[in-house]
Amino acid sequence: MELPVPTIDEGGGLTCQHPDDNANLVQDENYNEAASEDSGMSSVIGGDVGPSSEGQAPGGLLIMPTSPVSVTTASMSASDDMIENENEMLRDRVADLEKRVHDQNDEITCLRATLADCLRRINSLETNKSHVQLNSYPSRTRTDGTQKTPQRRPMSGSYSSNDFNSVARAAHEAINRRASYASNRDKVGSKTSLYQSTNSLHNDGQSSNSMSPAPSPSPTTHPVRHPSPGVQRLSTPQRPSSASTGLHKKWSSTSDFRELSPGPNQISRRGLNAGSLASLRSPFGSQQNLNRHTRHGTKDANYSPEDGILKFHLRGRGVSLICAASQLDSFNLAKVNPAPAQKLKLEWVYGYRGRDARANLHLLPTGEMVYFIAAVVVLYNVEEQNQRHYLGHTQDIKCMSVHPNKLLIASGQAAGLDRPHIRVWNSVSLQTMHVLGMSDFERSICCLSFSKADGGNLLVAVDEGEHNISVWDWQRSERGHKITETKCSTETVVAAEFHPLDGRTIVIVGKGFVNFWQLDSTTLTLSRKTGIFDQRDKPKYVTCLAFSYTGDVITGDSNGNVFIWGRGYNAVTKVMRKIHDGPIFSICVLKDGSIITGGGKDSRIVKFDTMYRKVGVEAQLPEHLGSIRIISQGKGSQLLIGTTKNSILTGNFDLNFQEIMVGHTGEVWALSTSPSNPQFISAGHDRMIHLWDTLSHSVVWSNDVGEQAQSATFSPDGEVIVVGTVTGKWVVLDVNTREVFGVHQDGSEPVFVVKFSPDGNLLALGSRDNAIYMYQVRDNYRKFNRLGRCMGHSGYVTNLDWSEDSQFLRSNSTEYEILYWSAAVCRSLRDVETIREIGWVTNDCPLSWGSLGVWGENQDAPDVGSTSRNPERELLASGDSSGRVRIYTYPASQPKSLNHSYTGHSSPVTKVAWMTDSSKLISAGGKDNALLQWNLI
């Protein structure tokens, strides 16, 4: 007899049913569960049940007692069924959500593509209104000769979810699920394309098909309402190309959105590859085009012999250059342009760094004064009018110190292409003896001092960034040996000097402090004593430091006070208040023990005797020379004075001080050489124009134009100068009388370049507003009639070249563009063959066929801001963003062009120019304020 099987009813109760008597058991009867903690469980029939034998139920049914274990097993089985049911529902919901996310990704991809295409179209329309570009990406060409631009169609996507029978399978598919895609790239020639999405962006229900128009491809050519100026274009790949002969090839830009749309689990990867919608604001579109920004240099240049056009990239922008007619038949991309046989040698440096440097003017026993500017240490013999130069540095020199033997010099440079370091060199042979701290300094070296009491065996240096003081045994090896290092201050350090009598004492001054450091000869460590001020006398800055012949420390401060610190004391022993109106920038102790102080605001020079009493002798510098930066002992009773306006003077109290070196105090941008005399002009943001004589190495005259100058040029006869300013004004001056013929205005943006035509009848001005203003010159440069504007550049116009017949003009911009113009009508020049035959009187445009090789072969090559071809057309000079001046054999039209490279500037070279006899080259250093004159040897 089979036993009844316990089951669970809908109400959760436990019932027993016999397999054979199922029908009888369920008629009007229910089996209910009764539980007892003492006796376990039993099942009964009906409600009221009389006594019965053990194990027997009324009606003869055997009732089996149910144990707690069996009931628990049944409950767990029921719970598993419920969990499985919930899991199934959850899997379905997750699958549906993933499907929606995927479908919305497809919609977003379509919107991206549509938005990118709209931006490209708007950009193309704006460009076509202004110019026609020469270079762009090549399009496909049919056999019948017509163009066919590849149409771009976003990828159609579909997604289907599978059945999930187990939790493990659901998890596995959630990780590895991928969508399937159909590219439809073969349908390039269709006139219309549709993008099919499996779901709408805003549909919350089941997926449904929706159709949205795909972005149509950009046309190969666009109608141009106005003739656009320019033939060549270095702009972004999305700009349209001209349909002119030889210029109709279009570089492919349809691959921006050819990436497959991501599946549900590829969203994060897609975020890395495609970027957000914000990336579409970039002219490069997708990340694939953004990566092109790294393409730079001539190594991968491509040349088409049929068209005579060479293409390469500069900072990711495509560039096309037209081969000159003289090289059309012989040009070979694989050739190497050799370096010229001639070389340059630095002959003269104009300028001095006094605006922000200290203790940088000294007299050597050779009769030379030594000082620095930019990356050059100058040794200048005034009597012989001769300069020598130490060129071991590559960046700004910030400090220097002369060894007690007056033969060796230590100079420290700032960080840049090289790490900050110290060079110890011989002032006679100009040979580097030691290089210290190549890996020890962070920012720049602001203070240097040789020890004096022991004959200069030690060298102290202060790092400007971390304010660390280090002591060096500089002679131990070529790299020297750092004895000790410690942090000396949290504030600005102005000066650090070894005590001349106490060999192990170092005095450091700076913002609000005077500290006395002692070097322990046994432990080789530094210990500090802080200088004690009276509270009422404590200055904001201690600005200078000197030592009396008795060993007292003398300091000057920002309040114009002088403090005497007795030898061996760290407290003030004597105060001289209000010696100057404003800070004291320099204190000089002369050989006879007398003391000279120089005012940093009042420009006064005051003399004291050895007992710190005024002797009644003073001098006042004129305002245009600036304040006093440094005073040092000259020959005999002479003083050497460096000023904050980068001038050097020499003289004494009995005679007037004479200016022996003049320099710019602001960025130098304007430079032009005279066509008739050995002279050149320079101008900059200090508003000053200087006319220099290259033979006497002196200033002929200086003039304040009242505005920051940005550009300048001579007239073809050398009689007139035109200076462009940062406010859009340009001034016409007579070279000989400095008479102002006129002041004109074109817009409000800086005039970056100005140049006369070779015949002197036209004047072109390139502006930061991307336009070139053309003027007709009349009445011997006294009248200028505006002919029009050449519009087409998408960047600031920076360089201009005139044709030999004064009919045509070419220009460069900051967007790596080269455009050609018909000057008389201010219209673009489009015919390639005409451009190819033009002879250019100068090669000042760095981006041109004759200067291709100056750009370097890879992305590490610096940008070139200026080029200049010598009048004999044999050499091409360039100045670049690394501060290097280079010369090439002209034409430098090979991608690989060898050159001679020269250091001296510490900032990007803003301008280079040959003198009219090709014997000298002048270079301007922009922010370093330096003008360098090079001899050709």
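**Close-up views of a predicted model**

**View 1. The largest nonpolar core of the chain.** In this predicted model, the largest nonpolar core has 41 residues, and those touching the most other members are Leu344, Leu361, Met369, Tyr371, Ile648, Leu921 and Trp934. Strand β15, residues 344-350, gives this core its largest share, five residues.

**View 2. The surroundings of Met369.** Which residues is Met369 in contact with, once its neighbours within four places in sequence are left aside? The list includes Leu361, His362 and Leu363, and also Val378, Leu379, Tyr380 and Val382. Leu640, Ile648 and Ile660 are in contact with Met369 too.

**View 3. An open sheet of four strands.** Follow the strands in the order β16-β17-β18-β19, and you will find antiparallel pairing. At the edges lie β16 (362-363) and β19 (386-390), each pairing on one side only. Within the sheet, β17 (residues 369-373) and β18 (residues 376-381) run antiparallel and are joined by five bridges. For a closer look, pick Phe372: its bridge partner in β18 is Val377.

**View 4. The whole chain, for orientation.** Of its 937 residues, 53% are buried. The chain exposes about 41,300 Å², with carbon and sulfur atoms supplying 49% of that area. Among contacts between residues at least 6 apart in sequence, 51% join residues at least 24 apart.

Methods. Residues numbered from 1 in each chain as written. Predicted model: local features only at pLDDT ≥ 70, side-chain atom pairs only at ≥ 80, totals over all residues. Heavy atoms only, no water. Buried < 20%, exposed > 50% of the residue type's maximum accessible area, 1.4 Å probe, protein only. Contact = heavy atoms within 4.5 Å. Areas by Shrake-Rupley, 256 points an atom, 1.4 Å probe, with all protein chains shown as cover. Core = buried A, V, L, I, M, F, W, Y, C linked by side-chain atoms within 4.5 Å. Helix = DSSP H or I, 4+ residues; strand = E, 2+ residues; numbered from the N terminus. Pairing = 2+ DSSP bridges.
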